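Hi,

Here is the structure I promised to pass on. Have a look at it first, and then read my notes below.

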Amino acid sequence: MERGKRIAIIGAGISGLMACKYTLEKGFSPIVFEARSGIGGVWSQTIESTKLQTPKDFYQFSDFSWPPAVQGTYPDHTQVLEYVQAYAVRFNILPRIKFNSKVTCIDYVTSSDADLLSWDLWGGSGEPFSPSGKWHLTVQNAQNPSASAATDQMYQVDFVILCIGRYTDLPNIPDFPLNQGPEVLNGKMLHSMDYAAMDDDVATALIKEKRVTVVGFQKSAVDIAAEIASKNGASLCSCRILLFCLNRFTELMVHKPGEGFFMWLLAVFLSPLLWIFSTSIECYLKFVYPLKKYNMVPAHKFLKQISSCKFTVLPANFYDRVKDGSLYLKKSQSFSFCKNGLMVQGESRPLQSDIVILATGYKSEEKLKNIFRSNFFHKCISGSSAPFYRECIHPRIPQLAILGYADSPSILYSTEMRSKWLAHFLAGNFVLPKISEMEEDVMEWEKCKRSDAEESHGRSCVSTLLQIYFNDQLCKDMRCNSRRKSGFLAELFEAYCPNDYKAVS
Ligand SMILES: Cc1cc2nc3c(=O)[nH]c(=O)nc-3n(C[C@H](O)[C@H](O)[C@H](O)COP(=O)(O)OP(=O)(O)OC[C@H]3O[C@@H](n4cnc5c(N)ncnc54)[C@H](O)[C@@H]3O)c2cc1C
């Protein structure tokens, strides 16, 4: 394999850094474009109180442990950022990064007149590179975005790894009927992204003695609500919860894509155990947290939630703040704005608010789509909710991979495995199957994910219960042993974590 091939990595969050590390190790000289002036992505710009919600043993680079000084299970965002920075230094990634360089457009240009739709094999050959196809990148100086397009720089590369992150940049602001949107609010409305970007003292001044409502139920929402409650005022949110069950025994209880008859039978036979496991956790959570008292019992079963990667670890003393009245929870399916605050579904009086913070997520699919120039690739991405082959390759988009877009209980862990897999692929250690086979595989995984997850769930997420099975497939492609424990019992009952794959590179 020709290591002289040019690889561009877009984004220097954890995904971009890992993509860079593993391609460097395979002898390539990737170039990383980062729109910001520093690395770390979401961890470089978040609210003061944000902590990791994945236990740190699972959110750990396989060959670079957390420093002993970091003691707790859930490090805070500064510790995460420092850890990520130390990783970049340790593996000499920083010299590969071009900071303040925003890639505004990527365009696939091929000198052959091949019709992309007529290909049987990815890129025509199933291999990572093609002699005739190149990606053209337009790169803007992010420090001077209003400069004329003539100052943009152009790059030509053989392969693109998109690591642009799904939890930044393009906020999702819901649409409202006429006269029921934020324009009618006397106070101020902002998105959680804008709140997170504020300096702590500016944020404190903004909310001081104000009635603040936070809309949302995921991590950002509960963090912001708890942070504001510790400073002043009442807030609104609801919660979801996480737990890990990453061992092969629990995996036997669920149906898997491509399972044979025996595995199917075993899953049917063992499924009552899964029900008992899920129900016990629900009972435990109801016992530990006053969910019923505050009408916060989730509508979906615990199992559905973890299969949808929808879980939130609550900030410390969250329910103490609810109890002392500094945090007020309200469950609602929909809301609209009025002069004095929010009208919440099923209530006749407005929820008085001076400030409304929408922690309503990001338009991640649109962000991904927008970076491509071609309409054909727009169509490939649209409505896909990012279901990719091995969670990183779109069967119809050649010479390109996407990392960090599929959800998982630990994005670092799952993205590192995919980075290793991708580096093996780029190094020519295997070729991709036919496009039709990849599409079939994607469909099969999608069917499985949908049957496990909430019906309304829009994102692609390999269920927590299928992480090991998914990693097994990556290992098989890379031709390395997927059984990484010593002994039958350890293999069956011990949780798998990044460390188990340390030797895979
Ligand atoms: C508050 C919060 C808490 C979280 N907690 C957890 C957790 O506990 N466990 C977990 O697994 N996950 C968590 N996540 C998810 C988190 O997003 C991932 O764990 C991970 O950090 C994502 O890394 P990434 O590199 O894929 O994306 P990002 O961190 O978003 O990085 C993307 C980078 O790409 C750059 N970029 C984007 N577009 C361009 C462009 N066009 N040109 C150049 N550069 C570009 C951005 O500037 C950014 O630096 C959390 C997310 C948030 C917001």
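There are 15 helices and 14 strands in the protein chain, counted as DSSP runs and numbered from the N terminus (helices are H or I, at least four residues; strands are E, at least two). Its radius of gyration, taken over C-alpha atoms, is 23 Å, close to the 23 Å of the globule rule for 505 residues, so the chain is as compact as a globular protein of that length. That rule is 2.2 Å times the number of residues to the power 0.38. The C-alpha trace spans about 65 × 65 × 45 Å along its principal axes.

Bear in mind that this is a predicted model: local features need pLDDT of at least 70, side-chain atom pairs count only at pLDDT 80 or more, and totals for chains, interfaces and linings use all residues. Residues are numbered from 1 along each chain as its sequence is written.

On domains: the chain splits into domain 1 (7–168 + 363–501) and domain 2 (182–241 + 289–358), with bounds from an automatic or database domain assignment. Their centres, over C-alpha atoms, are 31 Å apart.

Now the ligand. It is surrounded by 35 residues, the closest being Gly11, Gly13, Gly41, Gly165 and Gly404; a residue counts if its C-beta atom, placed from the backbone, lies within 6 Å. Elements giving two or more residues to this shell are α1, β4 (101–110), α5 (219–231) and α12, and α1 gives the most, with three. By type, the shell has 16 nonpolar, 14 polar and five charged residues (nonpolar: Ala, Val, Leu, Ile, Met, Phe, Trp, Tyr, Cys and Pro; charged: Asp, Glu, Lys and Arg; polar: the others, Gly among them).

Two of those elements also pack together: α1 (residues 14–25) and α12 (residues 411–426) meet at about 35 degrees, axes 9 Å apart. Axes are lines fitted to C-alpha atoms over the stretch in contact, and angles run from 0 to 180 degrees between N-to-C directions. Contact residues include Met18 and Tyr22 of α1 and Ser419 and Ala423 of α12 (C-beta atoms, placed from the backbone, within 7 Å).

Cheers

Conventions: Two residues are in contact if their C-beta atoms, placed from the backbone, lie within 7 Å.
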